[in-house]
Amino acid sequence: MNLESAFEGSYARVIGSGVGITAKGQDFFERFYDIFLSSNDEIQNKFSKTDMQKQVGVLQKGVFQLISFYLTKSDGEYIHSIALTHRRSEYDIQPIYYDLWLDALISTVKERDPDYEDRVGLALSLIHISEPTRLLSIS
């Protein structure tokens, strides 16, 4: 099984398949934020005044867009706007936060996917490395 197949299988198990977010998908994204916010006090402070229900929706859309970017190598307006707002001059996103974000994502997948395998983590890491916001935030 190649990386894309491993990722797609895991995605279907933790989020669901088809268009839209299932209840387990909603639970996955909420759990991600539980793990991510507990990873670092500075991150927790950045989200202290955030409507987390709305933020979960933003994350869902962002994850879909990042997957699309990885597969097509074409960033749309949404990815570009995320990249611009996540620069240090806007939200002051430090490079280490991206690593903590990835760690939280992989931890959540491991927790929710009964058939998790290391290839899934590798696929997530490759998507993360290609993430356009990472490139803009470091500069």
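In the predicted model, T108 is placed in helix α6, which spans residues 95-112. With a relative accessibility of 0%, T108 counts as buried, because burial requires a relative accessible area under 20%. When residues up to four places away in sequence are set aside, T108 touches F28, R31, F32 and I35. F28 is one of these partners, and at 3% relative accessibility F28 is likewise counted as buried.

Read along the sequence, the elements accordingly follow the pattern α-α-α-α-α-α-α-α. Of the 139 residues in the protein, 37% are buried. Among the contacts with a separation of 6 or more, 66% are accounted for by residues 24 or more positions apart.

The packing of helix α1 (residues 3-14) and helix α2 (residues 23-37) can be described in the terms used for any such pair. Two packed helices are characterised by the angle between their axes and by the distance between those axes. Here the angle is about 100 degrees, and the axes of α1 and α2 lie 8 Å apart. Since angles of 65 to 115 degrees count as roughly perpendicular, α1 and α2 are therefore roughly perpendicular to each other. The contact is made by A12, R13 and V14 on the side of α1, which meet K24, G25 and F28 in α2. Sorted by class, this contact of α1 with α2 comprises three nonpolar, one polar and two charged residues. Helix α1 also holds E8, which is partly exposed, with a relative accessible area of 47%. Although E8 and A123 are separated by 115 residues in sequence, their C-alpha atoms are 9.7 Å apart in space.

In soluble globular proteins, nonpolar side chains tend to be buried together. In the present model, the largest nonpolar core has 32 residues, of which F32, Y33, F36, W101 and L124 touch the most other members. At least two residues of this core are supplied by each of α1, α2, α4 (52-72), α6 and α7 (118-129). The greatest contribution to this core comes from α6, which gives nine residues.

A pair of aromatic rings is described by the distance of the centres and the angle of the planes. With pairing taken as ring centres within 6.5 Å, the count comes to nine aromatic pairs. One of them is formed by F28 and F29, whose rings lie 5.4 Å apart from centre to centre with 80 degrees between the planes, an edge-to-face arrangement. F29 is buried, with a relative accessible area of 2%, and F28, at 3% relative accessibility, also counts as buried. F32, Y33, F36, F47 and W101 form one aromatic cluster; of its members, F32, Y33, F36 and W101 are also listed among the core residues that touch the most other members.

Q55 is found in helix α4, and its relative accessible area of 18% makes Q55 a buried residue, as the value falls under the 20% limit.

Conventions. Residues numbered from 1 in each chain as written. Predicted model: local features only at pLDDT ≥ 70, side-chain atom pairs only at ≥ 80, totals over all residues. Heavy atoms only, no water. Axes fitted to C-alpha atoms, helices over the stretch in contact; angles between N-to-C directions. Helix = DSSP H or I, 4+ residues; strand = E, 2+ residues; numbered from the N terminus. Parallel < 35°, antiparallel > 145°, perpendicular 65-115°, else oblique. Contact = heavy atoms within 4.5 Å. Nonpolar A, V, L, I, M, F, W, Y, C, P; charged D, E, K, R; others polar. Buried < 20%, exposed > 50% of the residue type's maximum accessible area, 1.4 Å probe, protein only. Core = buried A, V, L, I, M, F, W, Y, C linked by side-chain atoms within 4.5 Å. Phe/Tyr/Trp six-rings, centres within 6.5 Å; stacked < 30°, edge-to-face > 60°.
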